[in-house]
Amino acid sequence: METITLIYKWPPDRVHRSQQQLLYVDENVIVTFQRIKPSSPIVQKGAIVLGDNFTVIWFVFTDLWYGVAKVYNLNNQWTGYYCDIMKPVKRDVDVTGKLNCFEITDLFLDLWINPDGTYEIQDEDELEDAVQEGIINTELETETRSVLKSLIAEVASGHLEYRLQEVMNRAKLTDFPDCVEHINGG
């Protein structure tokens, strides 16, 4: 499996580089796999749904202001979706068009979606702090909140799940638990 570099930026000047396993790429989406170490766990209904060494399959869409991680716990059970509001991805490709690396700029606001379709907005306080500190301007704040509103509408209509399923079908990764077990060497 091919490894690819993700350059993840948080305004104003924090940058993290990580290696991810590239599962699929086309002109519309980059799909990668990795184990994560979040800054803090996400807990829903008393259970950790996003924690250290959980597996994520990232869907980073070329023309959208968000990426979606399908999250699996340490037992390879799907716990939900983590949606990251961000500027559209920047791709670095070589002369043949092969993807070398990709860059994401985080816009602080996130959305956790439970398997039952309920959701929780994450990190609103971080967005408000970024605006107050002048890290992002009010125009970008407005865009960020608009993206969140549209994303919630996509969740409610089932369009987000349809979009992800469409990518999984194209990538021939329709059975993600088997994919996760395979990637983990199971």
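How many of the 186 residues of the chain count as buried? The answer is 49%. Keep in mind that this is a predicted model.

Start with the overall fold. The chain has four helices and 11 strands. Its C-alpha atoms fill a box of roughly 50 × 45 × 30 Å, taken along the principal axes. For 186 residues, a compact globule would have a value near 16 Å. The chain has 16 Å, so it agrees with the globule rule.

Next, look at how the chain meets itself. Take the contacts between residues at least 6 apart in sequence. Of these, 49% join residues at least 24 apart.

The chain exposes about 9,700 Å². Carbon and sulfur atoms supply 48% of that area. Then there are the charges. The chain carries 16 positive and 30 negative charges.

Cysteines deserve a stop. A disulfide is a covalent bond between the sulfur atoms of two cysteines. How many disulfides are there here? The count comes to zero, with a cut-off of 2.5 Å between the sulfur atoms. Where do Cys-83 and Cys-101 stand, buried or exposed? Buried means under 20% relative accessible area. Cys-83 has 0% relative accessibility, so it counts as buried. Cys-101 has 16%, and therefore counts as buried too.

A cis peptide bond joins Pro-11 and Pro-12. Its omega is about 5°.

Move on to the loop between strand E7 (66-72) and strand E8 (78-86), which holds Asn-76. This residue is not a glycine, yet its phi is positive, at about 60°. Asn-76 counts as buried because its relative accessibility is 16%.

The last stop is the loop between strand E11 (119-122) and helix H1 (124-132). Asp-123 lies there. Asp-123 also has a positive phi, about 65°, although it is not a glycine. Is Asp-123 buried or partly exposed? Its relative accessible area is 23%, so Asp-123 is partly exposed.

Note on methods: Residues numbered from 1 in each chain as written. Predicted model: local features only at pLDDT ≥ 70, side-chain atom pairs only at ≥ 80, totals over all residues. Heavy atoms only, no water. Helix = DSSP H or I, 4+ residues; strand = E, 2+ residues; numbered from the N terminus. Rg over C-alpha atoms; globule rule 2.2 N^0.38 Å. Buried < 20%, exposed > 50% of the residue type's maximum accessible area, 1.4 Å probe, protein only. Contact = heavy atoms within 4.5 Å. Areas by Shrake-Rupley, 256 points an atom, 1.4 Å probe, with all protein chains shown as cover. Lys, Arg positive; Asp, Glu negative; His and termini not counted. Charge placed at Lys NZ, Arg CZ, Asp CG, Glu CD.
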